[in-house]
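Take a moment with the model below.

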Amino acid sequence: MEKGQKKTSKLLRLASVLLGLLIACSVLFSGLFLYAEMDHDCEEEHCPICEIMAQCENVLSGMKEVCCHAGMAVIGLSVFYAILTFSMWVQVRPTPVSRKIQLNN
């Protein structure tokens, strides 16, 4: 690997970690805000707290779909890996050559 590619790889890895942390914080703080403002005194129409609560609910419902799709992807990849490992285990059988046995007449 070239020096520039290693640097790019490290930057992408750092960016993905930071993005993951930001997403986790947004989900955490959305849930905390909903819990903290559950019993607020609502001003009925045009309540700013209710509008923020609706945005927090949208964040959490969107993350529910993302987590569902990510879970299905992990399950699918796990099944694929298990099938691939099993097929390699079945196909690779010891032979005299792989055991390094010398056949003499």
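What follows starts with the whole chain and then turns to a few of its residues.

Keep in mind that this model is predicted. Begin with the fold. The protein chain has two helices and zero strands. Its radius of gyration is 27 Å. The globule rule gives 13 Å for 105 residues, so the chain is more spread out than a compact globule. The box around the C-alpha atoms tells you about its extent. Along the principal axes, that box is roughly 100 × 35 × 15 Å.

How much of the protein chain is buried? Buried residues make up 7% of the 105 residues. The chain exposes about 9,600 Å². Carbon and sulfur atoms supply 67% of that area.

Move to helix α1, which covers residues 3–36. Leucine 14 lies in this helix. Buried would mean under 20%, and exposed would mean over 50%, so a value in between counts as partly exposed. Together with Leu11, Val17, Leu18 and Leu21, Leu14 makes a nonpolar surface patch of about 470 Å².

Next comes the loop between α1 and α2, where α2 spans residues 48–91. Histidine 40 lies in this loop. With a relative accessible area of 18%, histidine 40 falls under the 20% limit, so it is buried. What lies 3.1 Å from a polar atom of its side chain? The backbone oxygen of glutamate 37 does.

Finish with the cysteines. A disulfide is a covalent bond between the sulfur atoms of two cysteines. How many disulfides does the structure hold? It holds zero. Cysteine 25 is in no disulfide, and the nearest cysteine sulfur, in cysteine 56, is 14 Å away. Cysteine 25 is partly exposed, with a relative accessible area of 37%.

Cysteine 50 is another case. Its closest cysteine sulfur belongs to cysteine 42, at 3.4 Å. Cysteine 50 has 30% relative accessibility and counts as partly exposed.

Key:
Residues numbered from 1 in each chain as written. Predicted model: local features only at pLDDT ≥ 70, side-chain atom pairs only at ≥ 80, totals over all residues. Heavy atoms only, no water. Patch = residues over 30% accessible without salt bridge, like charges linked within 9 Å, V, L, I, M, F, W, Y side chains within 5 Å. Areas by Shrake-Rupley, 256 points an atom, 1.4 Å probe, with all protein chains shown as cover. Salt bridge = Lys/Arg side-chain N within 4 Å of Asp/Glu carboxyl O. Helix = DSSP H or I, 4+ residues; strand = E, 2+ residues; numbered from the N terminus. Disulfide = S-S within 2.5 Å. Buried < 20%, exposed > 50% of the residue type's maximum accessible area, 1.4 Å probe, protein only. Rg over C-alpha atoms; globule rule 2.2 N^0.38 Å. Polar contact = N/O pair within 3.5 Å; in protein donor to acceptor, adjacent residues only side chain to side chain.
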